[in-house]
Each structure stands twice: as C-alpha cells, then as structure tokens.
Amino acid sequence: MKPSLDPNRQFVIGIKTDAGFSGRRVVQIDTLTEAAQCIALLAITPQSQATLYSKHDLPAISQLVSQQLRIPLDQVTLVRDYANCHSSTACTQAILALSATTRAMLINAAANRWNICPTHCKMESGKVIQKEKSFDFELGELITEAKQGDIPLIPELYLQHRQPKP
C-alpha cells in the first residue's frame, strides 16, 4: 500500500525553487496544493517512518535520508509522486537539504522540550538523544513541536550538527 501524504498528521517539508535551482528554499508543507509546487518532499509520520516524495528513485536517495536522519533504511519509503524534480543531481541536493533540515528541526524540538541547547542532543537509531543523559524521543514524538519551529538556514545545518572535537 502506498503511503499517503497528510500534512495534518505528519511533519512535511518540501523544497521549492524560486529562480532556478540556486533560488531553492525549504518550506513547511501544510496543504497538498503546496506539496505540488515542490521539487521534493520529506514526511515524518507519528510512527517515526520517513517517506520521501521524489520523481527520481535512485537507491542512493533513500540511503541518503536514512543516513541524515540516523534511521534504518527500512524506515524510509520512496514514493514517486507530488514532486517535479527533473534532474537527478538537483533532486539529490534537494533531498540532502530536506533531510538535514528535518534532522535539525527534530533535534531543536527535542532540545526545546528538555530546555537545553541543541548541541547537547544527537540523532541515533531513529531517536533524538540527550548526550549526557539517557533521555530520548522517537522522531514521531517530536513532529508537533517540529512543525512549530523555525526552518534553519541550509549553511547552518552542517556547522550546527558536526561532532565536537575532543
């Protein structure tokens, strides 16, 4: 059975292009009309499943989502729907941005719940974990808070979530 896109029950973000691919921006999706305007979409369900909506079904794309969200590959479903990305390179870049943005927003949601800095959190085995303690949240537990959070800028994502030097 093909998963359905439900922005009311899922955390859904997409990537749009404004002026060529260099004008891309990550947006939160609240309606299916907004979804149709994106080149790729990523949805997280309350059951902590990730569904990637992309025109391209390259095996590496699902693996990219799995790696960025630190979830097993079998928790990532690829659906060729709702997206209009025409270049595999552009699509891969968009999915990297979506996955990294999703990771940052879920980590920020957990940090807000714990009232700590996001740098004290990490994503591992499909959960956001507080590094110094044994507290964790499944990804699906954080989608309500993630929907209310700000979308971080793409360049900040890679700096914010690098492992600190010992």
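The backbone oxygen of L98 lies 2.8 Å from a polar atom of the T102 side chain, a polar contact being a pair of N or O atoms within 3.5 Å, of which, within protein, one must be able to donate a hydrogen and the other to accept it, while residues adjacent in sequence count only if both atoms are side-chain atoms. The model is predicted, so that local features need pLDDT of at least 70 and side-chain atom pairs count only at pLDDT 80 or more, whereas totals for chains, interfaces and linings use all residues. Residues are numbered from 1 along each chain as its sequence is written, and side-chain values use heavy atoms, with hydrogens and water left out.

T102 belongs to helix 3 (residues 88–114); helices (H or I, at least four residues) and strands (E, at least two) are DSSP runs numbered from the N terminus. With a relative accessibility of 1%, T102 is buried (buried means under 20% relative accessible area, exposed over 50%, partly exposed in between, with a 1.4 Å probe and protein chains only). Leaving aside residues up to four places away in sequence, T102 touches F11, I13, L42, I44 and L69, contact meaning heavy atoms within 4.5 Å.

I13 also stands opposite Q28 in strand 2. Strand 1 (residues 11–17) pairs with strand 2 in the antiparallel sense over 5 bridges, where pairing requires at least two bridges found by DSSP between two strands. An open sheet of 5 strands has the order 2-1-3-4-5, with mixed pairing. Its edges are strand 2 (24–28) and strand 5 (76–79), each of which pairs on one side only.

The chain as a whole holds 5 helices and 8 strands. Of its 166 residues, 46% count as buried. Among contacts with a separation of 6 or more, 62% come from residues 24 or more positions apart.

The whole structure contains 4 salt bridges, each a side-chain nitrogen of Lys or Arg within 4 Å of a carboxyl oxygen of Asp or Glu. In one of them, the closest N and O atoms of R113 and E145 are 2.6 Å apart. This pair links distant parts of the chain, with R113 in helix 3 and E145 in helix 4 (residues 143–148), 32 residues apart. R113 is partly exposed at 38% relative accessibility, and E145 is partly exposed at 24%. K122 and E124 form another salt bridge, at 3.1 Å from N to O. K127 and D136 also form a salt bridge, their closest N and O atoms being 4.0 Å apart. Salt bridges with shared partners join K127, D136 and E138 into one network.
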